[in-house]
Amino acid sequence: MHIPFDNSYAALPDTFYTRVNPTSVKAPKLLAFNKNLADELGISAPDMDQVQRVFAGNEVPQYADPLAQLYSGHQFGNYNAQLGDGRAILLGEVIDSNNLRRDIQLKGSGRTPYSRGGDGRAWLGPVLREYVISEAMHALGVPTTRALAAVATGEDILREQGMLPGAILTRVASSHLRVGTFQVFAHRGQTAELKTLTEYAIARHYPDANGPMGLLRAVCAKQAELIAAWMSVGFIHGVMNTDNCSISGETIDYGPCAFTDDFHMGRVFSSIDQQARYAYGNQPNMAMWNMAQLATALVQLLDDKDAAVEEATAIIHAMPDQIEAEWLKRFAAKIGISDPEVEDTDLIQGLLNLMQEDGADFTNTFRALSTPNARDQFTDRAAFDAWAQNHAARTASVPDATATMNAANPAVIPRNHRVEQMIQAATAGDMAPFERLMKAFAAPYSLDDSDLAKPPTRAEIIPATFCGT
Ligand code: AMP
Ligand code: MG
């Protein structure tokens, strides 16, 4: 196997990370390998036994420079002074076929100096959950880390639920720079490191950005796009802590995330999110909160603190309008309007209000809007019909409204009950449901009458997802 590594993070000062090799596992078994992504990364992998060894952490590939990254972060609003890759190891970076630098990282590959009390491992369920959902998000047009490989370790690990099969995910990211990567140096007063990191982030992600405030502005714009994209597919991240907030604007660190079936602004799945901090409709606020933490770190780099705080505050205060604009773009397309006006917000909001009152299925209601059957999603059909009349009036003169809707409204998303069924089957050794989901979610906008489009029956509903990853 040849991976064309070109490592830049390992060339940063050694205060940024600790070099550490993955810990070998007993009986690796390759469960999934993303050949298309491997091709994109320039990885040639003729020997699948070696692929299995490398993505199990049993063999360090040539020119890899394995390391665990240091970071800190606010978890549910409380600052944790040291986190870092407790169970992830960056093998290195490649320049992909689009000339973009990408990280290749093992997750669940053993303990590191940042493991704290943890075992450095991941169990099969969350590994396959991240594999399926991150690849589906990519196909849905949402910026995200990708999944390159999943390997079962042949070792059982202890979680709240008992002993569970271990697994390792190999993920690919534009980088693993987080808000928390900036916070750790800012909180320690390590201004030289903070400056180096800022320059590195600008060069890697936002070469046009001018200085720390330019970086802040660019990251805020990307976060605004990301949150709107999440909301447009009914996605709830569940743990938007600052250590899980990527500087590149990709969705990262899939944990107890889920897609909503019936629509509700207050929807929460994560069993540990007791205060509903990261509820569906609170995600814009939390993205802003995270950006305020990034701003707090970056301000330290500027000599004139008063001026810097003023500028950073203005950048953060611009976010609601940015998110609103991105939200309008995404949701207007969902109702067939590719060139929205501000007044369209009321029409969109009117539909969402009806859906919330009625408990209508988010995905299927939008998907049905281009057909005569959308009213079937509601019990209060008169209320929907009234909305549909306004909608028809607005879109009557819009060319391609149907095509716009069908391109913005997926037919299938990774419904939580299907993901859970897939995990149960895989735990029992049956990967067929995983393969089926991967096939369906690779083309989420093509029409099919698959039962994967059906909402869960009452008995199938999975109301909560667990963080015991
Ligand atoms: P997460 O909630 O997965 O984003 O993880 C939060 C922090 O806990 C990160 O620093 C992780 O590296 C660390 N962590 C999570 N699970 C484990 C584990 N099993 N062993 C060691 N560290 C872990
Ligand atoms: Mg994390």
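1. Let's start with Asp 96, which counts as buried in this predicted model, its relative accessibility being 5%. Its salt-bridge partner is Arg 102, with N and O 2.7 Å apart. Arg 102 is buried as well, at a relative accessible area of 8%.

2. Asp 119 is worth a look next: its salt bridge with Arg 159 brings the closest N and O atoms to 2.8 Å. Asp 119 sits in the loop between β7 (101-107) and β8 (122-123), while Arg 159 belongs to strand β9 (residues 146-159), so this pair ties together parts 40 residues apart in sequence.

3. Do take a moment over Glu 93 and Arg 204, whose side chains meet in a salt bridge of 3.9 Å, N to O. Glu 93 is part of strand β6 (residues 88-95) and Arg 204 part of helix α5 (residues 191-205), so the contact links parts that are 111 residues apart in sequence. Glu 93 is buried, with a relative accessible area of 1%, and Arg 204 is buried too, at 16%.

4. Zooming out, the whole structure has 26 salt bridges. Through shared partners, salt bridges join Asp 6, Glu 93, Arg 101, Asp 103 and Arg 204 into one network.

5. Finally, which residues donate to the magnesium ion (ligand 2)? The protein donors are Asn 244, through OD1, and Asp 253, through OD, and they lie 1.9 to 2.1 Å from the ion. Asn 244 and Asp 253 are both buried.

Terms used
Residues are numbered from 1 along each chain as its sequence is written. Chains are lettered from A and ligands numbered from 1 in the order in which they are written. This is a predicted model: local features need pLDDT of at least 70, side-chain atom pairs count only at pLDDT 80 or more; totals for chains, interfaces and linings use all residues. Side-chain values use heavy atoms; hydrogens and water are left out. Donors are N, O and S atoms within 2.8 Å of the metal (3.2 Å for Na, K and Ca); water is not among the atoms, so sites may look incomplete. Buried means under 20% relative accessible area, exposed over 50%, partly exposed in between (1.4 Å probe, protein chains only). A salt bridge is a side-chain nitrogen of Lys or Arg within 4 Å of a carboxyl oxygen of Asp or Glu. Helices (H or I, at least four residues) and strands (E, at least two) are DSSP runs, numbered from the N terminus.
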